[in-house]
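Please keep the sequence and the coordinates at hand while reading.

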Amino acid sequence: MKSSNNQYPLNSVSKHFNSHIQLVRFLSYLLLLGCGVTIGIIISFYLKIGTFSLQFTQFSVSASQKPPPILPLIATPEPEVSSLSHVRFKEFHEPSHVMHDMNDEELLWRASVTPKIHEYPFDRIPKVAFMFLVRGPMPLAPLWELFFKGHKGYYSIYVHSNPSYNESEPESPLFHGRRIPSKKVEWGKFNMIEAERRLLANALLDFSNQRFVLLSESCIPLFNFSTIYSYLMNSTENYVMAFDEPTAVGRGRYRIQMSPLITLKEWRKGSQWFEMDRELALEVISDKTYYSAFEKYCRGSCYADEHYLPTFVSIKFWERNSNRSLTWVDWSKGGPHPAKYVRPEVTAEFLENLRNQQCPYNGNSTNACFLFARKFLHTSLTRLMRFAPRVMHL
């Protein structure tokens, strides 16, 4: 009994101590749980604030910028094959129209394009390009109509006139529609060279053009078409007049700034009325080196139209140049301009004399030194038409 009474207090103390420990543990767990819940609430709160702030910032930025416009969808119907425009091959190698929308830079580039295959994939009939550099109307058109009659397909015509010319006078059917896009040209100015190259470039667009003749509205033919065509097509030379003139109107026009590209020794003078083959014509329109030098330095009393081609051809292509012109001009009366011929001065004897002068041709001698002549005014037309059948065999 005594021993059992002694154990009871001990068991009572032990139970009391154990229950105290459990209470402490419970409170600790409860405290940890409360801390965890509190931390979770705090973190969740801050996350919500951060998200709202970010969304508000994005909204503010997007609201300050205008949204990009939404492009409407354009329904593009497929074109029918029959409505598609196309360029026929003949129109490419032999344009039927001379008007176009190319500027000078585009025109020169297009005209300088040369096929590397020398055989033509079409029946090519070599033609002569007659290039008329005029102010406005063609007063001698009836004579030229007589000249070209019956020879269609063997020639092409190109007319460069002042843009201000509005064709107030009735146009000859021969020249109608043959005026190329032109610019203003002034006597003695560099734009004369620009006009010559513009004519050449337009004529080069036709791959059948083989020989190129520069003429004016006051020029006349001295022979019939067949004779001139044969003369040009059988010629082995070009006809760019070039000579050394050791006077004030020759070497005196030289500009020292052109040296060393062009020296005084290489400076040449000549008539602007030329005739050349396709090979040389391509070189002329493609030249930038000598052309740029003349454009920059040959101003005022230099008169580029009398020096550019003679100098350029003499330096680069002298081997195949005859150094003479096929167009007769009378400078015997002196002055800055050649003599003009009116009706009373035009006689059969005068024309026969122009047709019979000795000149070298393909290494031999010929009586046909000049194929054309100028300056004949419109008043001479009646006599020219009278003598043309008998003298020029038109």
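At what angle do α4 and helix α11 pack, and how far apart are their axes? In this predicted model, α4 and α11 (residues 381-392) pack at an angle of about 20°, and their axes are 9 Å apart.

- Four strands make up an open sheet with mixed pairing, and their order is β2-β1-β3-β5. The edge positions are held by β2 (155-160) and β5 (275-277), each of which pairs on one side only, and neighbouring strands of this sheet are turned by 20° against each other on average, direction ignored.
- Within the sheet, strand β1 (residues 127-133) and strand β3 (residues 209-215) run parallel and are joined by six bridges; in one of these pairings, Phe130 has Val213 in β3 as its bridge partner.
- Helix α4 (residues 141-148) lies across β1, β2 and β3, and runs at about 175° to β1.
- Helix α5 (residues 191-204) also packs on the sheet, where it touches β1, β2, β3 and β5, and its direction makes about 150° with that of β1.

**The three-stranded sheet**

- A further open sheet, again with mixed pairing, consists of three strands in the order β4-β9-β6. Because β4 (220-221) and β6 (327-329) stand at the edges with a single partner strand each, one side of each is left without a neighbour in the sheet.
- Strand β9 (residues 372-374) runs antiparallel to β4, and two bridges join them; here Pro221 stands opposite Phe372 in β9.

**Helix-helix packing**

- The crossing of α4 and α11 is left-handed. Pro142, Leu143 and Leu146 of α4 make this contact with Leu381, Leu384, Met385 and Ala388 of α11, and by class the contact has seven nonpolar, no polar and no charged residues.
- Helix α7 (residues 278-286) and helix α9 (residues 308-316) have axes that come within 12 Å and cross at roughly 115°, and these two helices are therefore roughly perpendicular to each other. The crossing in which α7 passes α9 is right-handed.
- On the α7 side of that contact are Leu280, Glu283 and Val284, which meet Tyr308, Leu309, Phe312 and Val313 in α9; sorted by class, the contact of α7 with α9 has six nonpolar, no polar and one charged residues.
- For α3 and α5, the packing angle is about 45° and the axes are 8 Å apart, and α3 and α5 are therefore oblique to each other. The crossing of α3 past α5 is left-handed.
- Asp104, Leu107, Leu108 and Ala111 of α3 make the contact with Arg197, Arg198, Ala201, Asn202 and Leu204 of α5, and its composition by class is five nonpolar, one polar and three charged residues.

- Side chains of opposite charge can pair when their charged atoms come close. In this model the count comes to 12 salt bridges.
- Asp104 lies in helix α3 (residues 104-112) and Arg198 in helix α5, so the pair ties together parts that are 94 residues apart in sequence.

**Backbone details in the loops**

- Ser259 and Pro260 are joined by a cis peptide bond, for which omega is about 5°; Pro260 lies in the loop between α6 (225-233) and β5.
- The peptide bond that leads from Arg374 to Lys375 is also cis, with omega near 5°, and Lys375 is found in the loop between β9 and α11.
- Tyr303 is not a glycine, and yet its phi is positive, at about 55°; the place of Tyr303 is in the loop between α8 (289-297) and α9.

Note on methods. Residues numbered from 1 in each chain as written. Predicted model: local features only at pLDDT ≥ 70, side-chain atom pairs only at ≥ 80, totals over all residues. Heavy atoms only, no water. Pairing = 2+ DSSP bridges. Axes fitted to C-alpha atoms, helices over the stretch in contact; angles between N-to-C directions. Contact = heavy atoms within 4.5 Å. Parallel < 35°, antiparallel > 145°, perpendicular 65-115°, else oblique. Left-handed = near helix turned anticlockwise from the far one by under 90°. Nonpolar A, V, L, I, M, F, W, Y, C, P; charged D, E, K, R; others polar. Salt bridge = Lys/Arg side-chain N within 4 Å of Asp/Glu carboxyl O.
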